[in-house]
Amino acid sequence: MSDDEYQGKVALITGSGRGLGRAFGAALAARGAHVVLADVDGAAVVSAAAEFTARGGSATGTACDVSDEDGVAAMVGETVERHGGIDILVNNAGLHAADYYQPFTRLGLTKIRRLFDVNVMGVVICSLAAKEAMSGRDGATIVNISSSAAYANRNAYAVSKLAVRGLTMSFAREFADDGIRVNAIAPGLIFTDTIRAELPDTEVERALREQVLRREGTEQDIVEALLYLTSSKASFLTGETLRVTGGFGLSV
């Protein structure tokens, strides 16, 4: 794939103030796409957009809560008004702190609602809001971020990411006639700054023991998966979830 493929494309990335979302934005901006960075932390995405622009890319940052229908509609509308449409949507925003990695019986209804509002309804709201702006555009694609936890299905967070896999398949069917491909990535344990701060050494060691490949997963591993799924090389791929886990939890 040539980097020229992204020239003139418009990419909207949620949860892009830090971690994987920020890394996705940096990669797409470096390849010539205009990147709209969206996050509840508006200052973080404005700062990231300024950094990408200083490097020669094109980016804007906007504060947005993906569970807020009106806010998402306004963000999509502004993107269309300024740039004519959306070619790539990355539904990356999600709650994944240790607070949410709990059984339903421990989490409590308030946190369960918030978890599903962001991790599940956020994908629904953003995808439906962007559908018209993506319809008929050459190479239009949505990438949702699930998790390897969706395959183990041990807690509330895992169930929310299992739902993302289901949404990926449903939207792939529903959006196909509009020329929009919809896929997902299920990362394993990826060592972002947030993860390093949250996970005790014992949990890191346990996760590495369960992988087939005994090295730490990096943001770049997931960025490469995103670049593949958003490229013409994946033009016959839709409704799939690509596991990037170092072999964690291999199953049939």
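A crossing of two helices is right-handed if the near helix is turned clockwise from the far one by less than a right angle. In this predicted model, H5 passes H7 in a crossing of that right-handed kind.

**Helix H5 itself**

- Helix H5 covers residues 109-134.
- The 26 residues of H5 should span 38 Å at 1.5 Å a residue, and this agrees with the 35 Å between its end C-alpha atoms.
- At Met121, H5 bends by about 45 degrees.
- Gly136, which follows H5, has a positive phi, near 80 degrees.

**H5 with H7**

- Helix H7 (residues 156-175) packs with H5 at an angle of about 15 degrees, and the two axes are 8 Å apart.
- Because angles under 35 degrees count as roughly parallel, H5 is roughly parallel to H7.
- On the H5 side, the contact is made by Leu115, Phe116, Asn119, Val120, Val123, Val124, Ser127, Leu128 and Lys131.
- On the H7 side, the contact is made by Ala156, Tyr157, Val159, Ser160, Lys161, Ala163, Val164, Leu167, Phe171, Glu174 and Phe175.
- The residues of this contact between H5 and H7 divide into 14 nonpolar, 3 polar and 3 charged.

**H3 with H5**

- Helix H3 (residues 69-83) and H5 have axes that come within 9 Å and cross at roughly 25 degrees.
- H3 and H5 are therefore roughly parallel to each other.
- The crossing in which H3 passes H5 is right-handed.
- H3 contributes Glu69, Val72, Val76 and Val80 to the contact, while H5 contributes Ile125, Cys126, Ala129, Ala130 and Ala133.
- By class, the contact of H3 with H5 holds 8 nonpolar residues, no polar residues and 1 charged residue.

**H1 with H10**

- Helix H1 (residues 19-30) and helix H10 (residues 219-229) pack with their axes 10 Å apart, at an angle of about 55 degrees.
- H1 and H10 are therefore oblique to each other.
- H1 and H10 also form a right-handed crossing.
- From H1, the residues Gly19, Leu20, Ala23, Phe24, Ala27 and Leu28 meet Glu219, Ile222, Val223, Leu226 and Leu227 of H10.
- The contact of H1 with H10 has 9 nonpolar residues, 1 polar residue and 1 charged residue.

Conventions. Residues are numbered from 1 along each chain as its sequence is written. This is a predicted model: local features need pLDDT of at least 70, side-chain atom pairs count only at pLDDT 80 or more; totals for chains, interfaces and linings use all residues. Side-chain values use heavy atoms; hydrogens and water are left out. Axes are lines fitted to C-alpha atoms, for helices over the stretch in contact, and angles run from 0 to 180 degrees between N-to-C directions. Helices (H or I, at least four residues) and strands (E, at least two) are DSSP runs, numbered from the N terminus. Angles under 35 degrees count as roughly parallel, over 145 as roughly antiparallel, 65 to 115 as roughly perpendicular and the rest as oblique. Contact means heavy atoms within 4.5 Å. Ala, Val, Leu, Ile, Met, Phe, Trp, Tyr, Cys and Pro count as nonpolar, Asp, Glu, Lys and Arg as charged, and the others, Gly among them, as polar. The expected span of a helix is 1.5 Å times one less than its number of residues. The bend at a residue is the angle between axes fitted to the seven residues ending there and the seven starting there.
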